[in-house]
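Have a look at the fold before reading on.

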Amino acid sequence: MTGALHIVEAEWAVYRRIWRGTLGFSFLGPLFFLASIGIGLGVLVNRNQSLGMPYLDFLAPALLPIAAMQTAVGEATYPVMAKVRWNKTYEAALATPISTNDIVFGELLWYAFRRLLEATAFVLVMLLFGVPKGPTAIGAIGAGVLTGLAFAMPVYAFAITRETDAAFSILFRFVIGPLFLFSGTFFPLDRLPAALQAAAWMLPLAHGVQLSRDLTLNTPHPQDLLHTVVLIVYIAAGTAAASITIRRRMSP
């Protein structure tokens, strides 16, 4: 853990110079989105009363894991390419007693810390809109962290293997974009065809969305344990894969 904490220390040395901008966006992003879509578009959706709840209450909890996914994937793609290929940061780290496993677990800890800050900011913004319905809403922060890591670690393992950043645009366009739209975010997942529902439940975002929604609206369900387990499995598998890919990539 000592080596992993040194990686976190190095990340913090950079972040403390840019935290104002990133943390500011963590507040302003959800603020504008909830005001425009949750309230603005929500006026039209609420006329049908088909959701059984105000559209803002339905949408806001889902946007928390969405935001965690997007920022996590952003940090696990181009910055990782820079550390591996462009700036040779990892080569410099490995010239010290730090190992490849130290790097992976250090990045895991750092990603968790960043998602914690963002998810906390998002819940505070939801409080301004009166969305959380009970004390379980604090658990939505954990749902955001787990969802972010469930994407960050597999993508991190993939990014380490890349020679160029060409695949990242494909990832954002054909994976992250569709997941944003078809994981129960803007409308209930059960309104999709059965095949698309099955595909959505195979990936972590739908589980993060449902977990966050249940906790934020104070409607916990026994299946929330399954959602949590799925996210943890993705994190563990991604971390294990990253340990293998970085060792292969960085071995002399």
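The largest nonpolar core takes in 64 residues, and those with the most contacts inside it are Ile103, Tyr111, Met126, Tyr156 and Ile246. Such a core is a set of buried Ala, Val, Leu, Ile, Met, Phe, Trp, Tyr and Cys residues joined through side-chain atoms within 4.5 Å, where buried means under 20% relative accessible area (1.4 Å probe, protein chains only). Helix H7 (residues 139–160) gives the most to this core, with 14 residues.

This is a predicted model, where local features need pLDDT of at least 70 and side-chain atom pairs count only at pLDDT 80 or more, while totals for chains, interfaces and linings use all residues. Residues are numbered from 1 along each chain as its sequence is written, and side-chain values use heavy atoms, with hydrogens and water left out.

| Residue | In contact with |
|---|---|
| Met126 | Leu34, Ala60, Pro61, Leu64, Val131, Pro132 and Thr216 |
| Met250 | Val84, Tyr90, Glu91, Leu94 and Thr100 |

Met250 sits in helix H11 (residues 223–250); helices are DSSP runs (H or I, at least four residues), numbered from the N terminus. Met250 counts as buried because its relative accessibility is 15%. Val84 is 166 residues from Met250 in sequence, yet their C-alpha atoms are 8.3 Å apart.

Now for the helix pair: among the residues that meet are Phe33, Leu34 and Ile37 in H2 and Tyr55, Leu56 and Leu59 in H3. The residues of this contact divide into eleven nonpolar, three polar and no charged.

Key:
Contact = heavy atoms within 4.5 Å. Helix = DSSP H or I, 4+ residues; strand = E, 2+ residues; numbered from the N terminus. Nonpolar A, V, L, I, M, F, W, Y, C, P; charged D, E, K, R; others polar. Buried < 20%, exposed > 50% of the residue type's maximum accessible area, 1.4 Å probe, protein only. Lists of a residue's contacts leave out its neighbours within four places in sequence.
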